[in-house]
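These are my notes from going through one model, entry by entry. I kept to what I looked up and wrote down the values as I found them.

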Amino acid sequence: MTDLIIERDGPVTTFIRTRSAARNAMNPEGAKALHEALLAFEADSAASVGVLYGAGGAFCAGFDLKHAAAAPDAAAFGGPLDIPDGDTDWPRGPMGPTRLMLSKPVIAAIAGPAVAGGMEIALWCDLRVMEEDAYMGVYCRRWGVPLIDGGTVRLPRIVGQGRALDLILTGRKVEADEALRIGLADRVVPKGTAREAAEALAHEIARFPQGCMRADRASTYAQWDMPIADALRNEWRISAPMVAAEGVAGAGRFAAGKGRGGDFGNI
């Protein structure tokens, strides 16, 4: 069971995660399935724009800490995910597709939480459509689980270093109105409409001449002083060892019942 449904509407492909009992927290099986589905999307010449959505009122509550607590080593992510030298033969990211450099845009349709690794998936997407009561946050700050799937690279590039450090260091909740104000969200829509709004936006983008749009998009990503591949590699090498140093113990506290519902006090 991969808890993933894929639906097509002309040029728009919607990827729906359905692990709602766990607030769509990611496990290795789900990460692999989403990664492979987005590779197939990239290879499909009839597919132009993707939408990533979490069913049941949660985009993604991060990596499944109960799973991590039960497998406190490389098996927590489903195998070794070290990034090799060079720009090819990279393994998937811990959350799935987060190391892919697609040529096509993907839009995050965010209902409820997009926190910790779930926030990293949202940051990987090109655009973020949030429902008015949705929220983001580096909630893994409580457990000693680092951002190892693009968070320290993409967040500063989206909102600027000062705001990114505020969110990274404190782990605080970022509600939709603030996310829109600081550029973390691109649209805020009424509750229950994120998927509909994101798919409408995807269709709007899909109707443009795709070669030009993709060229402009590719140039936008390539323009940073430090290539994103180098930045991602550096992040992984610095932060990944902290999973064993502190994150496993934090995951164990979560599995024992601490900090549920976003509580920062009882951790």
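Leaving aside neighbours within four places in sequence, with which residues is Pro-146 in contact? I found Ser-239, Met-242 and Val-243. I note here that the model is a predicted one.

**Entry: Pro-146**

I placed Pro-146 in the loop between strand S7 (135-137) and H4. Its relative accessibility is 13%, and since buried means under 20%, Pro-146 counts as buried. I also checked a C-alpha separation: Pro-146 and Ile-238 are 92 residues apart along the chain, and their C-alpha atoms are 9.8 Å apart.

**Entry: helix H4**

I went on to H4, residues 151-159, and listed its buried residues: Gly-151, Val-153, Arg-154, Leu-155 and Val-159. What do they pack against? I noted four helices as partners, H3 (117-124), H5 (161-170), H6 (176-182) and H9. After H4 comes Gly-160, and I recorded a positive phi near 95° for this glycine.

I then looked at H3 and found it mostly covered, with eight of its eight residues buried. They are Gly-117, Gly-118, Met-119, Glu-120, Ile-121, Ala-122, Leu-123 and Trp-124.

I searched for cavities of 30 Å³ or more and got two. The largest cavity holds about 40 Å³ of space. Its lining is made of Ala-116, Met-119, Glu-120, Leu-123, Val-138, Leu-147, Gly-151 and Leu-155. H3 and H4 each supply at least two of the lining residues, and H3 gives the most, with three.

**Entry: Arg-128**

Is Arg-128 buried or exposed? I found a relative accessible area of 3%, so Arg-128 is buried. This arginine is in strand S6. I looked up what its side chain reaches. A polar atom of the Arg-128 side chain lies 2.9 Å from the backbone oxygen of Ala-122, and the side chain also reaches the backbone oxygen of Leu-184 at 2.7 Å. Not counting residues up to four places away in sequence, Arg-128 touches a list of residues including Ala-108, Ile-110, Met-136, Ile-158 and Asp-186.

**Entry: Glu-131**

Glu-131 is in strand S6 (residues 127-131) too. I looked for a salt bridge from this buried glutamate and found none. The nearest side chain of opposite charge is that of Lys-191, 7.0 Å away, and a salt bridge needs the atoms within 4 Å. What does the side chain of Glu-131 reach instead? I noted the backbone nitrogen of Gly-192 at 2.8 Å. The backbone nitrogen of Ala-194 lies 3.0 Å from a polar atom of the Glu-131 side chain. Setting aside residues up to four places away in sequence, I listed contacts of Glu-131 that include Ile-110, Ala-176, Val-188, Pro-190 and Thr-193.

**Entry: salt bridges**

How many salt bridges does a search of the whole structure find? I got 13, and I wrote up three of them.

Arg-195 and Glu-7 meet through their side chains at 2.5 Å, N to O. This pair links distant parts of the chain, 188 residues apart, with Arg-195 in helix H7 (residues 194-206) and Glu-7 in strand S1 (residues 4-9). Arg-195 is partly exposed at 23% relative accessible area, and Glu-7 is partly exposed at 35%.

Asp-85 forms a salt bridge with Arg-237, with 2.6 Å between the closest N and O atoms. Here too I noted a link between distant parts of the chain, 152 residues apart: Asp-85 is in the loop between helix H2 (65-70) and strand S4 (106-110), and Arg-237 is in helix H9. Asp-85 is exposed at 60% relative accessible area, while Arg-237 counts as partly exposed at 48%.

Arg-172 is partly exposed at 27%, whereas Glu-178 is buried at 15%. I also found that salt bridges with shared partners join Glu-7, Arg-195 and Glu-199 into one network.

**Entry: the second largest pocket**

Last, I looked up the second largest pocket and recorded about 510 Å³ of space. Of the 29 residues that line this pocket, Arg-99, Leu-100, Met-101, Leu-102 and Ile-228 are the closest to its centre. Helix H8 (210-222) and helix H9 (228-239) each supply at least two lining residues. H8 has the largest share of the lining, five residues.

Notes: Residues are numbered from 1 along each chain as its sequence is written. This is a predicted model: local features need pLDDT of at least 70, side-chain atom pairs count only at pLDDT 80 or more; totals for chains, interfaces and linings use all residues. Side-chain values use heavy atoms; hydrogens and water are left out. Buried means under 20% relative accessible area, exposed over 50%, partly exposed in between (1.4 Å probe, protein chains only). Lys and Arg count as positive and Asp and Glu as negative; His and the chain ends are not counted. A polar contact is a pair of N or O atoms within 3.5 Å; within protein, one must be able to donate a hydrogen and the other to accept it, and residues adjacent in sequence count only if both atoms are side-chain atoms. Contact means heavy atoms within 4.5 Å. On a 1 Å grid over the protein atoms alone, a cavity is a set of points where a 1.4 Å probe fits but cannot get out, and a pocket is an open set with protein on both sides within 12 Å along at least five of seven lines; lining residues have an atom within 4 Å of a point. Grid points are joined across faces, edges and corners, and a volume is the space filled by probe spheres set on the points.
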